[in-house]
Amino acid sequence: MRIIRHYEHGDPSVLRLEEAEKPQPGPGQVLIRAEAIGVTFAEVQRRQGIPIGGHAALPGAPGGDVAGTIEAVGEGVTGFAVGDRVVGDIDHSAYADHVVTGTDWLIKLPQGLDAAEATLLPSPAQTAYHAIREAGRLKPGQTIVIDAASGGVGHLAVQIAKALGAGKVIATAGSRAKLDFVRELGADVAIDYTDDDWTDQVLAATDGRGADVVLETVGGEVLLKSLDITATFGTLVFYGSASGDIPPIPTLALARMKNVAGFSLYAMLYNKPDAVAEGLRHLLELVGSGQVKPVVHQRLALEDAVKAHELMEARAQLGKVVLVP
């Protein structure tokens with residue numbers, strides 16, 4: 001089978017297409033023939049040598065969200081069988097024709113859901129959902145700001161926030177095309193975060209009080225400025241650092257009764273499995289009803305993994321970039 005690996009850190013050209021033996025499932029595992037592989041920005045950073053959200057050890061074999069068909073099951077597997085179409089978050093060696101994984105967090109694909117669209121269910125959609133509901137504790141009628149709203153997680157967060165009853169969704173993005181995109185998804189206000197006065201624009205859109213919930217995944221200066229646009233008694237949810245810079249948060253900035261909540265999907269999976277299961281049921285309902293529509297920006301062949309990473313680094317995508325073996 002084919003697999004993408006890299007043996008040094010650097011630009012996308014370090015990614016190599018290689019031949020490898022097809023893996024076999026061990027106890028509690030299944031073998032999946034991949035139909036689509038969702039590319040995540042965290043893997044772009046690890047390829048660069050930035051250990052955001054996980055290790056960046058060498059040799060590397062990127063992880064991702066893999067949708068496909070089960071070809072074999074290991075000893076002790078229950079609830080899944082050969083022929084089932086499934087999707088799961090694979091933490092290593094995901095850019096491949098076949099992957100093996102445990103079944104604890106595996107999701108059976110809803111009938112009729114395209115494999116490439118399904119790659120947004122395991123980590124992007126669940127991250128967006130729980131960052132809003134569990135960490136941000138968004139209440140109906142409240143205002144939410146979603147940074148980097150045109151990306152794989154952000155474009156889902158816009159739709160999920162609307163579905164959960166947000167009174168006003170303010171989406172930030174970095175180009176006219178991206179702003180048009182998030183408006184089409186339902187954002188009430190779209191603001192270019194490259195504008196020097198973008199925080200003033202947010203405050204103007206909230207009558208000067210700031211947002212009840214702010215979803216922040218950029219880091220650096222954007223993280224610090226996001227504190228300024230968080231309302232008194234509001235919550236800033238920090239769930240990533242696309243810039244690779246995580247600055248210290250000034251304690252005095254919290255003195256106006258502002259809250260900062262960190263979020264990790266893996267912390268949810270390990271510590272709140274019941275909430276994760278309920279959230280997944282709700283997400284599948286929202287996708288099935290059309291209230292949340294996963295958007296695939298581009299489908300690329302497995303051998304075009306370099307191009308996929310180039311797209312991600314250029315921040316050129318609207319929605320998700322997906323590899324198709």
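Here is a walk through some salt bridges of this structure. The model is predicted, so local features need pLDDT of at least 70 and side-chain atom pairs count only at pLDDT 80 or more, while totals for chains, interfaces and linings use all residues. Residues are numbered from 1 along each chain as its sequence is written, and side-chain values use heavy atoms, with hydrogens and water left out.

Let's start with the total: the structure holds 18 salt bridges (a side-chain nitrogen of Lys or Arg within 4 Å of a carboxyl oxygen of Asp or Glu). Side chains of opposite charge can pair when their charged atoms come close.

Take Arg5 and Glu18, whose side chains form a salt bridge at 2.9 Å, N to O. Arg5 sits in strand 1 (residues 2-5) and Glu18 in strand 2 (residues 16-19), so the pair ties together parts 13 residues apart in sequence. Helices (H or I, at least four residues) and strands (E, at least two) are DSSP runs, numbered from the N terminus. Arg5 is partly exposed, at 25% relative accessible area, whereas Glu18 is buried at 19%. Buried here is under 20% relative accessible area, exposed is over 50%, and partly exposed is in between (1.4 Å probe, protein chains only).

Next up, Arg33 and Glu71 meet at 3.4 Å, N to O, in a salt bridge. Arg33 belongs to strand 3 (residues 29-38) and Glu71 to strand 4 (residues 64-73), so this pair ties together parts 38 residues apart in sequence.

Then there's Arg47, which forms a salt bridge with Glu313, their closest N and O atoms 2.1 Å apart. This pair links distant parts of the chain, 266 residues apart: Arg47 is in helix 1 (residues 41-48) and Glu313 in helix 10 (residues 305-313). Arg47 is buried at 1% relative accessibility, while Glu313 is partly exposed at 28%.
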